[in-house]
Amino acid sequence: MADTDIPEFLIELERKAWAEQQAGALTVETAAAVQQAYTEHAASTGVSRYKVEQAVKKLVRHPEPGA
(Lines give C-alpha, C1' and ligand atoms only; values in the text may rest on other atoms or scores of the structure.)
Protein backbone atom coordinates (compact mmCIF):
# COMPACT_ATOMS: atom_id res chain seq x y z
CA MET A 1 0.00 0.00 0.00
CA ALA A 2 1.64 3.21 -1.14
CA ASP A 3 1.77 6.17 1.24
CA THR A 4 -0.28 8.21 -1.22
CA ASP A 5 -3.19 5.78 -0.75
CA ILE A 6 -3.40 6.61 2.96
CA PRO A 7 -5.81 9.41 3.79
CA GLU A 8 -4.54 12.16 6.07
CA PHE A 9 -7.31 11.55 8.62
CA LEU A 10 -5.96 8.02 9.26
CA ILE A 11 -2.46 9.38 9.76
CA GLU A 12 -3.72 12.01 12.21
CA LEU A 13 -5.76 9.47 14.17
CA GLU A 14 -2.75 7.15 14.44
CA ARG A 15 -0.50 10.05 15.48
CA LYS A 16 -2.95 10.91 18.27
CA ALA A 17 -3.14 7.29 19.42
CA TRP A 18 0.65 6.88 19.27
CA ALA A 19 1.21 10.08 21.29
CA GLU A 20 -1.29 8.91 23.91
CA GLN A 21 0.33 5.47 24.03
CA GLN A 22 3.80 6.97 24.45
CA ALA A 23 2.48 9.13 27.30
CA GLY A 24 0.83 6.11 28.95
CA ALA A 25 -2.57 7.72 28.42
CA LEU A 26 -4.15 5.84 25.51
CA THR A 27 -7.91 5.90 25.96
CA VAL A 28 -10.37 3.26 24.89
CA GLU A 29 -12.15 5.93 22.86
CA THR A 30 -9.04 6.83 20.87
CA ALA A 31 -8.09 3.20 20.28
CA ALA A 32 -11.63 2.35 19.17
CA ALA A 33 -11.78 5.37 16.84
CA VAL A 34 -8.55 4.35 15.14
CA GLN A 35 -9.64 0.74 14.71
CA GLN A 36 -13.04 1.82 13.37
CA ALA A 37 -11.36 4.14 10.87
CA TYR A 38 -9.05 1.34 9.70
CA THR A 39 -11.99 -1.02 9.29
CA GLU A 40 -14.10 1.50 7.37
CA HIS A 41 -11.25 2.55 5.09
CA ALA A 42 -10.35 -1.07 4.37
CA ALA A 43 -13.95 -1.92 3.54
CA SER A 44 -14.33 1.07 1.22
CA THR A 45 -11.07 0.41 -0.64
CA GLY A 46 -11.02 -3.38 -0.69
CA VAL A 47 -7.62 -3.44 1.01
CA SER A 48 -7.02 -5.70 4.00
CA ARG A 49 -7.60 -3.90 7.31
CA TYR A 50 -4.35 -5.38 8.54
CA LYS A 51 -2.45 -3.92 5.57
CA VAL A 52 -4.04 -0.51 6.10
CA GLU A 53 -3.11 -0.53 9.79
CA GLN A 54 0.41 -1.80 9.10
CA ALA A 55 1.07 0.90 6.48
CA VAL A 56 -0.22 3.73 8.67
CA LYS A 57 1.69 2.58 11.74
CA LYS A 58 4.89 2.28 9.72
CA LEU A 59 4.42 5.78 8.36
CA VAL A 60 3.71 7.27 11.80
CA ARG A 61 6.07 5.25 13.98
CA HIS A 62 8.97 4.67 11.60
CA PRO A 63 9.06 7.52 9.08
CA GLU A 64 11.71 7.37 6.41
CA PRO A 65 14.62 9.78 6.93
CA GLY A 66 14.07 13.03 5.07
CA ALA A 67 10.33 12.42 4.75
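This is a predicted model: local features need pLDDT of at least 70, side-chain atom pairs count only at pLDDT 80 or more; totals for chains, interfaces and linings use all residues.
Reader: Where is T30?
Author: T30 belongs to helix α2, residues 28–45. Helices here are DSSP runs of H or I with at least four residues, numbered from the N terminus.

Reader: Is T30 buried or exposed?
Author: T30 is buried, because its relative accessible area is 8% and buried means under 20%, with exposed over 50% and partly exposed in between (1.4 Å probe, protein chains only).

Reader: Which residues does T30 touch?
Author: Setting aside residues up to four places away in sequence, T30 touches K16, A17 and E20. Contact means heavy atoms within 4.5 Å.

Reader: What about K16 and A17? Where do they lie?
Author: K16 is in helix α1, and A17 lies in that helix, residues 8–22. A17 is buried at 7% relative accessibility, whereas K16 is partly exposed at 48%. Beyond its neighbours within four places in sequence, A17 is in contact with L26, T30 and V34.

Reader: Which residues make up the largest nonpolar core?
Author: That core has 12 residues in all, among them A17, V34, V52 and V56. A nonpolar core is a set of buried Ala, Val, Leu, Ile, Met, Phe, Trp, Tyr and Cys residues joined through side-chain atoms within 4.5 Å. Helices α1, α2 and α3 (49–61) each give two or more residues to this core. In soluble globular proteins, nonpolar side chains tend to be buried together.

Reader: Changing topic, which residues of α3 are buried?
Author: The buried residues of α3 are V52, E53, A55, V56 and V60. They cover an arc of only 165° around the axis, so they are on the same side of α3; the arc is that of the directions from the helix axis to the C-beta atoms.

Reader: And which residues are exposed on the other side of α3?
Author: Y50, K51 and K58 are exposed there.

Reader: What covers the buried residues of α3?
Author: Their cover includes α1 and α2.

Terms used:
Residues are numbered from 1 along each chain as its sequence is written. Side-chain values use heavy atoms; hydrogens and water are left out.
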